[in-house]
Amino acid sequence: MRADRVFAYGAAAGLLGDHLLGDPRRGHPVAAFGRAAGAVEQLLWRDHRGWGALHTAVCVGGTVSLAAVATSALRPSRTASAALTAAATWAVVGGTSLAREAGVIGRALEAGDIEAARARLPHLCGRDPQALDADGIARAVVESVAENTSDAVVGALVWGGIAGVPGLLGFRAVNTLDAMVGHKSAKYRRYGWASARLDDLAGWPGARLTAVLATVAGGDPRGAVRAWRTDARKHPSPNAGPVEASFAGALGVRLGGTLSYGGRVEHRPVLNGAGRAVAVPDIDRAVRLSRRVGWLALGVSVAGRLLVKGRKS
């Protein structure tokens, strides 16, 4: 096996493993990282940006360093290096779990069991489910599928293509920290600032690639481009905006609008206002689009890494 193909074989095996197996029910490495990050937070927490930045540096820097040591130790064996890449890819991507959660909610809505759908929604996103009707839940699911396609699949593959196993694990560490402390609650407004900003930076390339691939793989390329160009900048998130807008255009639906987080009502701009309202069948359409985008992202990341390696050799 040529050295420049280690990432290609390993990442493909890891993504296939996620497709076939999904996330482990017990002992997930991301959960272990979350527990470690929580322990560090207990030691460091202060209502101060500097202490939050230290927390981010310790958790992300420690993860990247361990990954680099493991990569270096296994480099003499290309088979072992590919296996490490496969394990890391499988551990950090979450496309199958995303599709499963969306599917559970979609089936509950199809059966008319809105209470079951509301009970399941917190597994996928942070919306207040009691404030949503069936169509509102469907819209929340489609938006979450779009955003998490970037966060849970494409972003990790992009950074794996850039930096190998340290890139894969480092991106997941950044993304997990943002979910833990990056929100604008009273406790984390200052402490989580560094994690949130680092997540914005790390997520930038994956979000743009996700938007491009959703345009290519969706059913309405022109609509996706139009929604991305006109509406993405209106979204409060610099990375979720392009992703959700391109998904909205590709699927021909409207996203955004009024939503509720933790009892706080937000009025977000509408994305792809020319589209129709989201309906329950659009959940399956969004999941299928997410799958296509994930595999295309693997191809782009592998091709980019092979190209760079080829030029260096």
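This is a predicted model: local features need pLDDT of at least 70, side-chain atom pairs count only at pLDDT 80 or more; totals for chains, interfaces and linings use all residues.
The protein contains 11 helices and two strands. Read from the N terminus, the order of elements is α-α-α-α-α-α-α-α-α-α-β-β-α. The radius of gyration is 19 Å, close to the 20 Å given by the globule rule for 313 residues, so the protein is as compact as a globular protein of that length. Taken along the principal axes, the box filled by the C-alpha atoms is roughly 55 × 45 × 35 Å.

How much of the protein is buried? Of the 313 residues, 50% are buried. The accessible surface amounts to about 14,600 Å², and carbon and sulfur atoms account for 60% of that surface. As for contacts between residues at least 6 apart in sequence, 70% of them join residues at least 24 apart.

I now turn to the aromatic residues. How many aromatic pairs does a search of the whole structure find? The search finds two. One of them joins Trp-45 and Tyr-191, with 6.2 Å from centre to centre and 40° between the planes, a tilted arrangement. Why does this pair tie together parts that are 146 residues apart in sequence? Trp-45 lies in the loop between helix H2 (29-44) and helix H3 (49-74), whereas Tyr-191 lies in the loop between helix H7 (134-181) and helix H8 (193-217), so the pair connects those two parts of the chain.

Are the two partners buried or exposed? Trp-45 has 30% relative accessibility and therefore counts as partly exposed. Tyr-191, at 0% relative accessibility, counts as buried.

Tyr-191 also pairs with Tyr-188, again in a tilted arrangement, at 6.5 Å centre to centre and 45° between the planes.

Ser-81 belongs to helix H4, which covers residues 78-92. Its relative accessible area is 12%, so Ser-81 is buried. Leaving aside residues up to four places away in sequence, Ser-81 touches Val-6, Leu-74 and Arg-75.

Gly-161, in turn, is found in helix H7. With 12% relative accessibility, this glycine counts as buried. Which residues does Gly-161 touch, not counting those up to four places away in sequence? They are Phe-7, Ser-301 and Arg-305. By way of a separation, Gly-161 and Ala-102 are 59 residues apart along the chain, and their C-alpha atoms are 28 Å apart.

To close, I would ask you to keep two points in mind. Thank you for your attention.

Methods
Residues are numbered from 1 along each chain as its sequence is written. Side-chain values use heavy atoms; hydrogens and water are left out. Rings of Phe, Tyr and Trp (its six-membered ring) pair if their centres lie within 6.5 Å; planes under 30 degrees apart count as stacked, over 60 as edge-to-face and the rest as tilted. Helices (H or I, at least four residues) and strands (E, at least two) are DSSP runs, numbered from the N terminus. Buried means under 20% relative accessible area, exposed over 50%, partly exposed in between (1.4 Å probe, protein chains only). Contact means heavy atoms within 4.5 Å. The radius of gyration is taken over C-alpha atoms; the globule rule is 2.2 Å times the number of residues to the power 0.38. Accessible areas come from the Shrake-Rupley method with a 1.4 Å probe; for residues, only the protein chains shown count as cover.
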